[in-house]
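Here is a short report for a first look. Have the sequence and the 3D view open as you read.

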Amino acid sequence: MNWKSLVNRAARIGVREGLRYLRQSQSKRRSGGRQPREQSSTAPQPGGSGASYPGDYSGPVSVSYSPDLDGDADPGEIVWGWIPFEEDHTQGKDRPSLVVGRDGEWVLALMLTSKDHVPGSVGEVREDRHARWMNIGSGKWDAQGRPSEIRLDRVIRLDPSSIRREGAIMPRETFEHVAKNIAG
């Protein structure tokens with residue numbers, strides 16, 4: 001990484017975090033200074049356009065492995081961002097996800113978890129009564145080094161401004177195995 005890309009990345013992060021702080025402080029003022037119960041209680045709005053979360057992506061995903069730790073979310077990178085709950089898109093949780101593509105201004109991603117849904121080794125795919133999961137092993141995206149699983153049957157749209165940091169690059173072989181198993 002050269003100095004120019006490092007400075008550009010730092011500037012983008014500064015602007016993103018500054019805007020987030022501004023929105024939070026404005027919302028505190030409107031609510032009389034009370035903190036909302038959960039930091040991310042409403043669906044993100046891409047680019048501040050006022051649009052609400054359009055729902056999870058359905059259809060074929062054009063996947064290509066092109067990670068580049070430049071501050072933008074690229075396919076093959078595991079990033080942290082606000083993931084809306086499946087049953088209520090106005091609620092959500094900050095968690096890691098694998099970037100697999102784009103849908104207009106939205107980043108397409110698959111969510112990760114350290115909860116064990118699939119007994120077995122890396123690359124095994126299993127279905128429980130709610131979802132399809134694949135073991136992907138451990139990586140730098142989890143500070144505790146816990147093995148992770150990725151949900152294959154739910155492609156989530158992420159607002160690029162809600163992505164707070166890049167966690168790691170998924171190994172190409174694992175990414176390609178995930179790509180072959182994405183439901184779309």
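How many residues of β3 are buried? Eight of the eight are, so β3 is largely enclosed by the rest of the structure. Note that this model is predicted.

## Two faces of β3

In a regular strand the side chains alternate between the two faces of the sheet. From β3, Trp-106, Leu-108, Leu-110 and Leu-112 point one way. Val-107, Ala-109, Met-111 and Thr-113 point the other way.

## Strand partners

β3 pairs with β2 in the antiparallel sense, over six bridges. Here Gly-101 has Leu-108 as its bridge partner. Two residues lie between the strands of this hairpin, and Gly-104 takes a positive phi near 65°.

Strand β7 (residues 156–158) also runs antiparallel to β3, joined by three bridges. In β6, Glu-149 is the bridge partner of Thr-113.

## Ala-109

Ala-109 sits in strand β3. Its relative accessible area is 0%, so Ala-109 is buried. Its bridge partner in β7 is Ile-156. Val-99 is 10 residues away in sequence, yet the C-alpha atoms are 4.3 Å apart. Beyond four places in sequence, Ala-109 touches residues including Ser-97, Arg-154 and Leu-158.

## Nonpolar cores

The largest nonpolar core has 19 residues. Leu-98, Val-100, Ile-136, Ile-150 and Val-178 touch the most other members. β2, β3, β5 and α2 each give two or more residues to this core. The largest share, three residues, comes from β3. Another core, of 15 residues, lies apart from it, with Ala-73, Ile-83, Val-107 and Ala-109 among its members.

Definitions and conventions. Residues numbered from 1 in each chain as written. Predicted model: local features only at pLDDT ≥ 70, side-chain atom pairs only at ≥ 80, totals over all residues. Heavy atoms only, no water. Core = buried A, V, L, I, M, F, W, Y, C linked by side-chain atoms within 4.5 Å. Buried < 20%, exposed > 50% of the residue type's maximum accessible area, 1.4 Å probe, protein only. Helix = DSSP H or I, 4+ residues; strand = E, 2+ residues; numbered from the N terminus. Contact = heavy atoms within 4.5 Å. Pairing = 2+ DSSP bridges.
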